[in-house]
Amino acid sequence: MKRGWIIGGAAVIVAVFAWLLFGGLQKNVVFFLTPKELLAKGTDGVGVPVRLGGQVKPGSVKWNAQTLDLRFIVTDGAREVPVHSTGAPPQMFRDGMGVVVEGRFGTAGVFEATGLMVKHSNEYRPPKPGEEAHEKYKTLIQQSSQ
Amino acid sequence: MKPEGQLNSSSDRLRDPSAARPPRTSIWLAFVSIGAVIVAQTYAILTSPAEGDMGHLQKIMYVHVPAAWMTFLSFFVVFAFSVRYLWQRRENDDLLAASAAEVGATFNGLTLMLGMIWGRPAWGVWWVWDARLTSTLVLFLIFVGYLALRAFTDDTQQKARWSAAVGAIGALNVPIVYMSVKWWRTLHQPPSSPATLDPRYTMGLRLNAIALLLVMIYFIRKRYEIARLERATEHMAEAAAMGGK
């Protein structure tokens with residue numbers, strides 16, 4: 001009888017896990033949308049709190065040290081979304097880095113970020129000979145403290 | 001004349017030296033495992049160059065990652081001995097599962113703490129509710145709950161049955177934590193492999209994994225030894241209280 005309960009309970013739990021994995025949660029446990037997915041939402045994606053993730057398009061970073069105004073473009077290779085943020089970014093923020101921004105996509109087509117996170121890849125390598133470690137954050141901090 | 005009755009079985013067991021005497025964990029295992037941690041950490045810190053993106057922050061990896069692996073391993077031990085307890089009802093299996101749960105929860109807490117300390121400078125945030133971090137926290141809470149359940153249950157058989165059920169089911173979360181970064185889109189990156197890791201980092205990581213494995217084995221053994229002693233004391237006190245008139 002007791003054993004029956006345990007087996008029954010275990011079966012229920014396995015079923016719940018299976019449902020979590022292959023059913024409902026699969027689509028909802030998405031920490032961020034890609035630019036393509038956000039733009040595909042059309043007006044549904046505008047003005048609502050959302051996270052957007054992708055790569056900082058190389059060469060797109062514009063940083064104003066006086067006003068702490070940061071503008072850059074997030075790309076997923078297919079589509080691009082311009083992002084506006086204020087305040088010093090995380091120290092690992094740089095051209096070509098993975099980022100996740102929190103905020104709202106405005107009607108003007110610019111994503112107004114209230115939070116900026118760096119998403120690191122699973123690759124860890126020292127800089128190649130002759131290459132310098134990416135210490136852009138240091139120049140950013142120096143610029144903003146001047 | 002010996003007093004007769006149902007207590008005989010437990011007092012006989014106490015007289016049997018092999019059952020009464022818990023295993024002794026050699027003090028050498030303590031020295032070897034702590035020594036291995038010192039050697040592995042020193043090696044890793046001295047040999048690994050600054051990482052391209054995060055500089056010396058990368059060195060947190062040498063504890064964070066092995067601690068996560070030992071969390072998984074400890075809870076696998078909990079799972080195995082909880083299931084065997086439910087099947088065969090051997091008291092020692094319960095004590096071993098509980099010892100592994102305590103050690104696993106410690107490694108789990110360490111993983112979370114170091115992850116937060118790493119996340120703040122690397123990601124810019126201490127914490128996010130993505131699938132990896134959330135499932136790791138849930139795993140921690142399950143085993144904190146497991147330990148609380150044991151602390152608040154007096155009847156040893158009831159304690160063993162309930163905690164075996166919680167331990168076996170709770171450990172099912174381990175593969176979910178591991179796979180979370182592959183199944184779902186998270187801020188936490190997927191696992192690194194020798195292909196994504198510079199060889200100068202790989203050796204340090206492996207050495208530290210071995211060192212923490214030794215620490216884990218020592219902790220579980222030592223905790224199990226203490227649990228056996230505690231249980232033997234309880235049995236003796238019980239026998240004395242009931243047989244001592």
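This is a predicted model: local features need pLDDT of at least 70, side-chain atom pairs count only at pLDDT 80 or more; totals for chains, interfaces and linings use all residues.

Q: Start with the interface. How many residues of chain B are in contact with chain A?
A: On the chain B side it's 41 residues, and they touch 35 residues of chain A.

Q: And what area is buried between chain B and chain A?
A: About 3300 Å², with carbon and sulfur atoms giving 59% of that. In chain B, the residues losing the most area to chain A are Asp53(B), Trp184(B) and Arg185(B), which together make up 23% of what that side buries.

Q: How many salt bridges are there between chain B and chain A?
A: The count is two.

Q: Which helices of chain B supply at least two residues of the side that touches chain A?
A: α4 (61–88), α5 (91–123), α8 (173–183) and α9 (199–243) of chain B each do. The largest share comes from α5(B), with four residues.

Q: And by class, what does that side of chain B have?
A: The side touching chain A has 26 nonpolar, eight polar and seven charged residues.

Q: OK, switching to the strands of chain A. What does β1(A) pair with?
A: β1 (residues 49–56) runs antiparallel to β5 (residues 98–105) in chain A, with seven bridges joining them. Within that pairing, Gly54(A) has Val99(A) as its bridge partner in β5(A). β1(A) also runs antiparallel to β3 (residues 69–75) of chain A, over two bridges. There, Gln55(A) is partnered with Thr75(A) of β3(A).

Q: Then where does β3(A) go next?
A: β3(A) pairs with β4 (residues 80–86) of chain A, antiparallel over seven bridges. Val74(A), for instance, has Val81(A) in β4(A) as its bridge partner.

Q: How many residues sit between β3(A) and β4(A) in the hairpin?
A: Four, and Gly77(A) in the turn has a positive phi of about 95°.

Q: Parallel or antiparallel for β4(A) and β6(A)?
A: Parallel: β4(A) and β6 (residues 111–119) of chain A pair over two bridges. Val83(A) has Phe111(A) of β6(A) as its bridge partner.

Q: Last topic, confidence. What's the average pLDDT of chain B?
A: Chain B averages 89, and 90% of its residues score at least 70. Within chain B, α4(B) has the highest confidence at 97, while helix α1 (residues 8–15) has the lowest, at a mean of 48.

Q: Which residues of chain B have pLDDT under 50?
A: The pLDDT stays under 50 over residues 1–14 of chain B, and the model has 13 contacts for that stretch beyond four places in sequence.

Q: And chain A, what does its pLDDT average?
A: It's 82 for chain A, with 79% of the residues at 70 or above. Residues 136–141 of chain A are below 50, and that stretch has five contacts in the model beyond near neighbours in sequence.

Conventions
Residues are numbered from 1 along each chain as its sequence is written. Chains are lettered from A and ligands numbered from 1 in the order in which they are written. Side-chain values use heavy atoms; hydrogens and water are left out. Contact means heavy atoms within 4.5 Å. Buried area is the accessible area (1.4 Å probe) that two parts lose on being put together, summed over both. A salt bridge is a side-chain nitrogen of Lys or Arg within 4 Å of a carboxyl oxygen of Asp or Glu. Ala, Val, Leu, Ile, Met, Phe, Trp, Tyr, Cys and Pro count as nonpolar, Asp, Glu, Lys and Arg as charged, and the others, Gly among them, as polar. Two strands pair if DSSP finds at least two bridges between them. pLDDT is the predictor's confidence in each residue, from 0 to 100.
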